[in-house]
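Q: I have a structure here that is new to me. Could you take me through it piece by piece?

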Amino acid sequence: MQWEVVIGLEVHAQLATRSKIFSGASTAFGAEPNTQASAVDIALPGVLPVLNRAAVEHAIRFGLAVDAEINPKSVFARKNYFYPDLPKGYQISQMDEPVVKGGSLRLILPDGEKTIRLTRAHLEEDAGKSLHGDFHGMTGIDLNRAGTPLLEIVSEPDMRSAVEAVAYARTLHGLVTWLGICDGNMQEGSFRCDANVSVRPRGQAAFGTRCEIKNLNSFRFLERAIEFEVRRQIELIEDGGTVRQETRLYDADRDETRTMRTKEDAFDYRYFPDPDLLPLVIGQQWIEEVRASMPELPSAMHNRLVAQYGLPAYDASILTASRGMADYFEQAVAASGGAAKQCANWIMGDLSAALNRHGIDIGASPVTAAQLGQLVARVQDGTLSGKLGKTVFEALWQGEGEVDVIIDNRGLRQVSDTGAIAAIVDGVLQAHPAQVAEFRAGKEKMLGFLIGQAMKASKGKANPQQLNEMMLARLRAD
Amino acid sequence: MSLSLQDVERVASLARIAIAPGEAETWQSQINGIFELIAGMQAVDTNGIEPMAHARDPVQRLRTDEVTEPDLREKFQAIAPQVEAGLYLVPQVIE
Amino acid sequence: MINEGLKQLSAALAARRISSEELAREYLARIDQLNPQINAFITVNPDATMQEAKTADAMLAAGTAGPLTGIPLAHKDIFCMDGWRTTCASRMLENFVAPYDAHVVGLCRQAGMVCLGKTNMDEFAMGSSNETSWFGPVRNPWDMQAVPGGSSGGSAAAVAARLAPVATGTDTGGSIRQPAAMTGITGLKPTYGVVSRYGMIAFASSLDQAGPMARSAEDCAMLMNAMAGFDARDSTSLEREREDYTRDLGQPLAGLRIGLPKEFFAAGLSGDVARAVDEALAEYRRLGAVTVEVSLPSSALSIPVYYVLAPAEASANLSRFDGVRYGHRAAEYGDLTDMYQKTRAEGFGAEVKRRIMIGTYVLSHGYYDAYYIKAQKIRRLIAEDFAKAFAECDVIMGPTAPETAFDLGAKNSDPVAMYLSDIYTIAVNLAGLPGMSIPCGFDSRQRPVGLQLIGNYFGEARLLGIAHQYQLATDWHQRVPAAVA
């Protein structure tokens with residue numbers, strides 16, 4: 001039987017605010033336990049929540065970026081359950097009236113484009129953390145994270161493979177960091193995915209029973225967890241079993257998912273509008289103010305890069321994967337005098353490889369965009385060969401100064417003077433008469449040896465094209 | 001509408017309130033008495049009426065995104081049942 | 001001094017005829033003497049009180065005093081007060097020393113008022129007789145066999161027994177007005193949102209409102225001047241100009257239209273209460289007011305609506321009492337769930353548990369629309385009734401409670417009978433309107449009767465004036481219970 005995979009994602013993006021969503025405590029990561037847990041965050045008797053304007057503004061920004069409806073009147077609700085990292089015994093979230101409704105996200109896949117519909121995005125508060133250290137068999141509770149603003153972004157079940165799910169998550173990650181509403185740090189939990197996965201026989205309209213896999217904190221885990229879960233469900237059904245609706249956890253060490261809780265013991269969350277908070281009203285004027293402050297969006301920029309610079313769509317999608325990358329590209333192109341494709345190649349090639357090798361973000365690259373643009377310009381104007389360009393790139397990476405300084409200091413200027421090249425060629429021909437004879441006898445691969453000798457004699461600086469032409473001309477002359 | 005014993009036990013469990021053996025019956029009869037009082041509501045036709053969460057339907061005021069709260073951990077944890085290394089301690093949480 | 005109003009006390013303090021320390025000492029001595037019998041206070045803290053009095057005297061000496069500087073008051077034990085035990089009359093918070101001030105407490109401190117202690121109440125403000133307190137019932141100074149009403153029973157009894165000149169209270173379904181009526185004092189529940197709820201331990205967030213309890217409307221107005229005002233920490237606090245609640249005290253009543261809801265004078269109202277209320281209305285007519293009949297047809301449903309909405313909100317508000325960060329934790333437990341269940345079973349009393357269970361049930365899956373949403377819809381109908389009535393009158397009057405103070409234990413075993421005690425007060429909370437109770441006579445057993453005054457939104461100053469004019473013409477509010485005279 002042919003199976004079709006159906007995936008929907010719920011992403012919790014931590015919003016980049018200074019203070020918490022309902023209190024004035026700091027959201028900075030990594031503080032000593034409970035030192036950023038205010039009276040409101042630890043839910044002392046009598047305290048009350050007041051909504052952070054920046055959190056709402058971030059939600060509006062997101063809604064505008066995905067062409068969603070900004071709900072003119074959204075409502076905060078209490079989601080009731082007992083857990084020690086949830087101090088009030090309820091989480092303030094949104095249920096019936098989320099702040100963002102609908103919208104969509106366009107993915108660029110290796111084999112084309114795909115649009116994923118969004119269901120909603122709503123504001124809510126994060127819970128604290130349970131620490132299972134050595135506390136005489138007890139669990140320690142740190143409430144620093146309690147009350148950190150989250151935007152929960154829910155997609156429709158529009159993805160059909162783990163690859164698409166990862167592409168969606170990456171694109172969404174790129175978008176929220178692009179907008180500056182989330183720092184995107186997955187190790188610190190700023191961007192967490194839950195995946196709803198089901199399978200159905202290809203051609204069947206009805207969805208299969210789905211399982212929700214919780215708390216996937218890396219794109220790799222997201223992909224592995226979905227792949228495992230899909231295999232598990234197909235094998236289960238093919239062996240005559242049925243999939244139970246349940247919540248599962250991905251165990252990265254064993255690369256498998258396992259049951260966390262089944263539908264039967266699902267919580268009754270008793271949602272109801274939080275009477276401590278009033279309806280959130282967002283007027284058209286506020287929306288327009290936020291719209292006016294929006295940066296160019298990655299999808300718009302993608303189209304522009306293709307139209308303006310003639311870049312392939314694939315290049316444009318890589319370059320617009322992050323704001324840092326996109327900004328770097330445009331600055332480099334400007335400094336290079338408009339050599340867009342060459343800049344793109346350098347960024348996607350040598351630069352990305354070096355950044356990956358050193359685990360550095362493009363924003364912290366030791367080679368600045370202006371320097372890379374200069375380098376491209378020097379290759380374009382013939383000052384540097386492609387090979388010398390790589391040498392200069394290494395020198396830039398090591399912090400040896402500006403491009404022209406490096407070229408001069410290291411004497412890397414390409415030799416394009418006909419006379420000088422002719423002298424080198426003549427010298428090589430005289431020094432290797434045997435090889436010249438072999439070439440002339442029809443052993444054409446001797447050309448490579450002779451060119452190599454000449455390049456070596458020029459210390460690599462000879463213009464390769466000129467050298468090639470001159471060598472052939474001399475060899476065939478006599 | 002009246003609650004069964006199972007309803008009472010389910011509700012007590014949701015609310016994390018232990019009930020002693022035999023106690024559920026007492027709760028059941030008292031709570032059902034109150035639900036008889038509440039049942040009066042059902043006779044009213046409320047079609048088309050907007051639910052009212054607060055008098056005068058006010059809207060949410062927003063706070064500027066500023067850090068205003070100092071670290072008061074010592075003061076707050078002085079009244080906690082059990083703390084260690086700045087953490088609140090609870091019986092082991094199993095995931 | 002104990003029978004003087006705030007205006008007289010303020011003048012005496014300003015003229016240095018008495019010091020704040022002397023005044024505080026006199027009240028503390030009365031508390032020492034009478035509280036063992038009345039049980040109006042859960043906590044007194046004489047050292048802290050005298051320290052505050054000293055500070056007030058320094059302000060008076062330095063000329064930085066305001067009209068309330070040096071005046072003693074009692075806070076209902078629902079208000080968090082930094083450094084003071086704040087119990088909400090629950091075993092759950094028996095040893096909870098609040099680490100911060102409620103907004104109201106802070107405002108009273110700023111005004112230079114001196115806290116005499118924290119008053120007894122129904123546990124988490126759930127009750128109408130003050131009998132649900134973990135710290136034992138409060139006795140009515142007019143008759144020690146009678147309840148003082150609830151939930152602000154301790155504040156009411158303290159003011160009636162001259163253990164404090166004024167006190168703070170809170171009113172979710174009648175908890176200021178009903179005990180005020182039963183103890184012969186004056187109490188005001190302001191418009192929802194006029195007094196900040198920050199630091200006031202929540203019962204039903206959309207209904208809770210703090211207000212002053214005192215012997216007279218004038219004293220209520222003066223305390224209200226300290227308590228009211230915008231607070232950015234409470235999302236439901238209304239951003240309004242500060243107002244002087246004494247400004248309408250002198251306004252005459254000629255032409256005042258008093259609306260009498262026919263539903264408030266129907267079956268269920270005791271004869272003694274009806275008689276005293278009728279006499280009060282006659283007095284108002286003598287003062288120049290006219291009475292018109294109005295109708296609040298949906299108010300009959302206010303008790304059912306209230307007993308859905310208030311427990312629903314309470315069931316979530318009280319989830320934070322879980323034995324993790326503060327408050328009671330069971331001594332012995334197994335796993336986490338067992339810790340929660342034992343802690344909450346031990347920490348909460350029966351009435352609180354009952355309401356948590358009702359609230360949990362009405363919010364649970366499958367019942368939410370039939371109960372919670374339905375109740376919120378009827379809540380709108382109740383508010384609209386008042387809006388229509390206020391088109392025909394300036395103030396609504398009627399009994400505060402259907403009967404006078406009942407005997408201790410009389411309704412303990414019947415929650416429904418107890419709930420009916422708030423039948424005339426609850427609709428006011430549902431609509432968010434200001435309401436008052438003022439003393440207007442006694443029943444055949446010499447237990448006080450309260451007259452309820454209901455104003456339109458933000459009509460507190462006018463209500464206080466209407467009450468004050470009546471108190472200028474009558475002396476019910478000046479009567480002193482024999483047992484404490």
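Q: Is C440(C) buried or exposed?
A: C440(C) is buried, at a relative accessible area of 2%. Buried means under 20% relative accessible area, exposed over 50%, and partly exposed in between (1.4 Å probe, protein chains only).

Q: What kind of model is this, and how is it labelled?
A: This is a predicted model, where local features need pLDDT of at least 70 and side-chain atom pairs count only at pLDDT 80 or more, while totals for chains, interfaces and linings use all residues. Residues are numbered from 1 along each chain as its sequence is written, chains are lettered from A and ligands numbered from 1 in the order in which they are written, and side-chain values use heavy atoms, with hydrogens and water left out.

Q: Salt bridges next. How many over all chains?
A: The count over all chains is 61 salt bridges. The rule asks for a side-chain nitrogen of Lys or Arg within 4 Å of a carboxyl oxygen of Asp or Glu.

Q: Which residue does D315(A) pair with?
A: D315(A) forms a salt bridge with K341(A), and their closest N and O atoms are 2.6 Å apart. D315(A) is in helix α6 (residues 313-319) of chain A and K341(A) in helix α8 (residues 340-358) of chain A, so the pair ties together parts 26 residues apart in sequence. Helices (H or I, at least four residues) and strands (E, at least two) are DSSP runs, numbered from the N terminus.

Q: Are those two buried or exposed?
A: D315(A) counts as buried at 5% relative accessibility, and K341(A) is partly exposed at 35%.

Q: Which residues do shared partners join into one network?
A: Salt bridges with shared partners join R78(A), D274(A), D276(A), R197(C) and D234(C) into one network.

Q: So what goes on between chains C and A?
A: The contact (heavy atoms within 4.5 Å) takes 39 residues from chain C and 31 residues from chain A. The rule counts one salt bridge between these chains. R197(C) forms a salt bridge with D276(A), their closest N and O atoms being 3.2 Å apart.

Q: How much area is buried there?
A: About 2800 Å² is buried between chain C and chain A, and carbon and sulfur atoms give 61% of that. Buried area is the accessible area (1.4 Å probe) that two parts lose on being put together, summed over both. S235(C), R320(C) and R325(C) lose the most area in chain C to chain A, together 22% of what that side buries.

Q: Now chains B and C. How many residues are in contact?
A: In this pairing, 49 residues of chain B are in contact with 69 residues of chain C. The two chains bury about 5300 Å² between them, 69% of it on carbon and sulfur atoms. M41(B), M52(B) and R61(B) supply 14% of the area that chain B buries against chain C, more than any other three residues.

Q: How many salt bridges cross it?
A: The rule finds three salt bridges across the interface of chain B and chain C. D57(B) forms a salt bridge with R380(C), with the closest N and O atoms 3.0 Å apart.
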